[in-house]
Amino acid sequence: MPPNVTQLQPENDFPTESTVPVPTEQWKRELRERGNLAPGQLDTHTESTVPVPTEQWKKELRERGNLAPGQLDAHTESTVPLPEEQLKRGHGIFTTQQPGTLVSEHVDSDPETSLLVSETSSHPGLQQFFVWRDLMPHTPGIGQLELMPNLKLIFEQTKAEDHHQSYSKFLGVVHSRAETRCTFTINGINLAVSFIPWDDDAIVYNESSECFVLASVPDEFNTLKIGPKRSATIYPGIWELRGDNTSAKFQLRPRRYRLFLEEKSNKRAAEQGVLPPEKVKGSRGWRMIPQQHYDKDSPCAAVTRPVTTEGAAALAQVGLNEDSTLSVIDEATGMLEYSITRVRARFLKRDKGVDIFKAIFKEDGSKSQVVVVKMHKPRGPDVESAIGYWSREYNAHHGLQHRCIPSLVSFDSRMLTLMIEYKDFGDLGSKQWCSRGIPGSAPFFKGNVEDAYTILANISSALAYIAQEGIVHNDVKANNILYGGRATPGGAILIDFGLSRYVEQHPKDYGGGSPWYVAPEYPRNHRAAPADVWSLGVVMLYVMGRIPLPELEPEWSIYQDVEGVPKAVGMRQAWMRKVESQCKELKAPVTCSKETKLRELVCSMLNKIDGRITARELEEVTKEWIP
């Protein structure tokens, strides 16, 4: 079974949602002291409360090394402690040391009653936990698991009994910043759940060969029949999965974070006075989030307001305004996760699929830093496409460490954002390096042959590195290479991994790119590492002054070229003849041996795939050219 697929064993007789006994006055007092409940909440919502672990349990856990001081208060959602007599029986106890990371301490135990589940221990989005029945006279249902507030999705698994103890087993899923999807197998039914960005809802996919039904619980107001390879959108609540000889309950919770948007208001809005503080519930209690005071004497006072689900959907499409700040608050703790403040500058890129802009990023407990924020936009019913683009870019960029590749500072799958290290360089197609827009001047590169040496050496090294990692960039072009000059640390920087992919994970080429830089073997073959080298060869023709900036040349559709549309095919063939012509001219002798070597390398980069030089070979030859 793949490591990210969890096998659940269903049970048809589930506990009712109203069997949890009313907590004692001592429990109420302890809960309110810890801030888990507001006054009066227990009397009206007794069914949603599981008693908080006692101080004795906390002490035992810390003595065993499972919890650091204060951790239980901050991360109650990931820990189900066991009383001392159960610890002596040799049961495992699970606790998450970091969000989404499952750690298990396992003492000798009967294999038949072992609590270890290997399928979930290696998957960062899954948390295995247990509620033991002697914590209370009756087993809690899914709707009572308020001690795990960070969990977005909870499946109820088999209830089991050993010789000494009975327990209910649950599988919880955290919608972490890195994950958009989880997969389950329940008695032969394969289903996947994708969490919709900026929203409370989720998409359930039937990846089985048989139909199954999802029914809302308890009233079955909404019943969804999902056929093979089909999907349906579900809203937060308790659902029952039904198939042939299968019944399993799960709960989908609303998003586990809160959004606050601070924007500048005009003087008229300032006359309205002060916004009341926002009350946010966390595992440490109710916190009052102060909102900004209006300065009535200022024409641009700051206004902070909570972002509703509807407002979040609109914000995802419109994007952040200049000088506005988006703050993300942890629903469980009421603490700031991070904030993004868009800098007053034009968008670096903006289209129907993505916004890219400069911003100040502040994560809780760290210093502010300037970043480039890339925000993928979920586009109406095609939200899965946006999720796929974000996931492929995150998977390719995450973990890359190279001096010629900007690091990925942070990320958030819940809003399809990537925070990337900011480099204050212009790209090779910008006015800093291209004579575009100058009257009477063709759009040629402004640098000289020394710049060409540096650019080739730096980008060859970056391409060799990602090829070794099994990644294809798929969009190497002048506009995706930043350059600060020969004396600048890093020199040339390769950016934008939006079309990149791990070849092993995604052998299929998803298409896209810029037509002037697409290697001649495409579309007959999927693009691989040699295609990136060919693209860099075209960039070098521009950097060496052989051709003007390709992006300003007539454009054709890659997709029409693949489909054999005559006009697109003809334009591609004309461009290939132009590239071949420049390669022939580069073979003319020059007096400088270094330039001769540069010309030979560029020609070998533009060869057909069988005779093309590799990025590793380029790196070896050009490493002495790095300043």
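The hairpin of β8 and β9 has six residues between its strands. Within this hairpin of the predicted model, W198 takes a positive phi near 65°. Strand β8 covers residues 189-195, and five bridges join it to β9. The two strands run antiparallel. Across the pairing, F195 stands opposite A202 of β9.

Strand β9, residues 202-206, also pairs with β12, residues 231-234. That pairing is antiparallel and extends over four bridges. I203 has T233 as its bridge partner in β12. β9 is mostly covered, with five of its five residues buried. In a regular strand, side chains alternate between the two faces of the sheet. In β9, A202, V204 and N206 point one way. I203 and Y205 point the other way. Residues on both sides of β9 are buried. One of them, Y205, also takes part in a charge–ring contact: R181 lies over its face, at 4.9 Å from the ring centre. A second contact of this kind places R342 over the face of F347, at 3.9 Å from the ring centre.

Most residues other than glycine have a negative phi, and most peptide bonds are trans. N187 has a positive phi, near 50°, and is not a glycine. N187 sits in the loop between β7 (181-186) and β8. Its relative accessible area is 38%, so N187 counts as partly exposed. K229 likewise has a positive phi, of about 60°, without being a glycine. The loop between β11 and β12 holds K229. K229 counts as exposed because its relative accessibility is 66%, above the 50% cut-off. The peptide bond from V217 to P218 is cis, with omega near 10°. P218 is placed in the loop between β10 (212-217) and β11 (223-226).

Salt bridges were searched for across the whole structure, and 28 were found. One of them joins R350 to D355, with the closest N and O atoms 3.1 Å apart. R350 is partly exposed, at 43% relative accessibility. D355 is buried, at 0%.

The side chains of E393 and K374 also meet in a salt bridge, at 3.1 Å from N to O. E393 belongs to helix α9 (residues 383-397) and K374 to strand β23 (residues 369-376), so this pair ties together parts 19 residues apart in sequence. Both E393 and K374 are buried.

E450 and K594 form a further salt bridge, their closest N and O atoms being 4.0 Å apart. E450 lies in helix α10 (residues 449-468) and K594 in helix α14 (residues 593-605), so the contact ties together parts 144 residues apart in sequence. E450 is partly exposed, with a relative accessible area of 34%. K594 is partly exposed as well, at 29% relative accessibility. Elsewhere, salt bridges that share partners join R177, E337, E363, D412 and R414 into one network.

The structure holds ten aromatic pairs. Among them is the pair of Y394 and F411, which is tilted, with 4.7 Å centre to centre and 55° between the planes. Y394 lies in helix α9 and F411 in strand β24 (residues 408-412), so the pair ties together parts that are 17 residues apart in sequence. Y394 is buried, with a relative accessible area of 9%. F411 is buried too, at 16% relative accessibility.

Y453 and W625 form another tilted pair, with 5.0 Å centre to centre and 50° between the planes. This pair links distant parts of the chain. Y453 lies in helix α10, W625 lies in the segment after α15 (615-622), and the two are 172 residues apart. Both Y453 and W625 are buried. Finally, W433, F445, Y483 and Y542 form one aromatic cluster.

Key:
Residues numbered from 1 in each chain as written. Predicted model: local features only at pLDDT ≥ 70, side-chain atom pairs only at ≥ 80, totals over all residues. Heavy atoms only, no water. Buried < 20%, exposed > 50% of the residue type's maximum accessible area, 1.4 Å probe, protein only. Phe/Tyr/Trp six-rings, centres within 6.5 Å; stacked < 30°, edge-to-face > 60°. Lys NZ or Arg CZ within 6 Å of the ring centre and 35° of its normal. Pairing = 2+ DSSP bridges.
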